[in-house]
Amino acid sequence: MRSLSSILCLVLTLLSASVRAEPSPDALIEEGLQLRRSGKPEQALETFRRAHALAPSVRTFGQMGLVETSLKRWVDGENHLAMSLSNPDDAWVHKNRTFLDEALAICRQHVGELVISGPAGVEVFVAGSSVGTLPTVPAIRLAGGTVTVTASAPGFEPFQQTASISPGKRAVLAIAMTPISAAPVATLPSPAAVAAEPPPTPAPILASPPSAAHESSGASWHTWGGITLAGAGAAAVAWGTVWVVIDNQQTAQKTRYATRTPGLVLIGIGAAAIVGGAAIFFTAPSTHDKVAVGLAPGSFWLRARF
């Protein structure tokens with residue numbers, strides 16, 4: 001009995017010590033106010049959160065909202081201040097109503113709204129945090145700027161898009177999900193189907209006709225060669241004729257020309273050149289001739305066009 005009494009006394013002593021060690025919510029609020037006056041808003045916010053965890057009240061909501069406004073945490077500040085002002089009959093709220101209203105107005109100048117729509121069953125994430133599953137995702141209050149919205153659903157490709165939030169305005173984002181397409185499976189024909197297919201028919205072998213460039217080159221050579229040779233022959237005939245005409249005529253120095261024989265030779269050479277040039281000119285190949293030869297299994301054919 002003495003041992004049991006000692007244990008009970010020890011437990012009661014420890015409990016009373018722990019109760020005395022934990023400050024009351026009012027004491028934590030006073031400590032938070034002192035930290036705010038000392039220029040330590042981060043530590044003051046943490047102290048107000050401790051007080052709120054012990055005893056939530058419109059006062060703790062209001063104190064957190066005021067500090068969050070000074071730290072430019074617009075969304076959290078708006079939420080906590082709105083909760084505090086939702087009880088206008090509270091004595092503390094009535095006393096500090098002016099400060100609370102001013103802080104809430106400042107927060108709302110930096111906050112916009114995002115409304116998300118899309119197929120049912122799609123889970124939506126905003127800035128990496130889940131906000132629910134469509135169609136039950138509520139309008140989301142966000143600070144002005146850009147935010148990344150992602151979504152996922154079984155059987156669909158992941159969705160991602162950036163939304164722009166304007167303070168005091170409502171942005172609308174429609175999520176469109178793309179089904180995951182199954183990769184096509186390649187199928188090989190069965191051996192029986194391969195055996196049943198008829199063998200391919202060999203393509204006919206065509207002898208390509210001479211190229212147009214080659215024909216044009218041969219025709220050009222015959223044409224200009226014939227003209228040149230005939231022109232030289234005509235010049236030789238004319239020169240030989242002159243020599244035949246002036247044969248045996250006397251010059252001023254009493255010298256007589258003896259040019260009949262060379263003139264006749266030139267005339268003969270020129271006549272031969274004219275005949276040869278004409279033959280070359282008129283035997284030039286025609287560029288319009290087309291000849292094709294075909295060879296196929298069991299047949300042979302020849303086609304020509306002039």
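Arginine 170 is exposed, with a relative accessible area of 57%, whereas glutamate 113 is buried at 17%; here buried means under 20% relative accessible area, exposed over 50%, and partly exposed in between, using a 1.4 Å probe and protein chains only. These two residues form a salt bridge whose closest N and O atoms are 2.7 Å apart. The pair links distant parts of the chain, since arginine 170 belongs to strand E7 (residues 170-174) and glutamate 113 to strand E1 (residues 111-117), 57 residues apart.

The model is predicted: local features need pLDDT of at least 70, side-chain atom pairs count only at pLDDT 80 or more, and totals for chains, interfaces and linings use all residues. Residues are numbered from 1 along each chain as its sequence is written, and side-chain values use heavy atoms, with hydrogens and water left out.

A salt bridge is defined as a side-chain nitrogen of Lys or Arg within 4 Å of a carboxyl oxygen of Asp or Glu. By this rule the count comes to seven.

| Pair | N to O distance |
|---|---|
| Arginine 170, glutamate 113 | 2.7 Å |
| Arginine 97, aspartate 101 | 3.1 Å |
| Arginine 49, glutamate 46 | 4.0 Å |

Arginine 97 and aspartate 101 are four residues apart in helix H7 (residues 97-108), about one helical turn. Arginine 97 is partly exposed at 33% relative accessibility, and aspartate 101 is partly exposed with a relative accessible area of 33%. Arginine 49 and glutamate 46 both lie in helix H3, three residues apart; their values are 36% for arginine 49 and 42% for glutamate 46.

Helix H3 (residues 41-54) has 14 residues and reaches 20 Å from its first C-alpha to its last, close to the expected 20 Å, where the expected span is 1.5 Å times one less than the number of residues. Helices are DSSP runs of H or I with at least four residues, and strands are runs of E with at least two, numbered from the N terminus. The buried residues of H3 are Ala44, Leu45, Thr47, Phe48, Ala51 and His52. Seen down the axis of H3, they fall within an arc of 165°, so they line one face of the helix; the arc is that of the directions from the helix axis to the C-beta atoms. They pack against helix H2 (25-37) and helix H4 (58-70), contact meaning heavy atoms within 4.5 Å.

An open sheet of four strands has the order E3-E2-E5-E6, with antiparallel pairing; two strands pair if DSSP finds at least two bridges between them.
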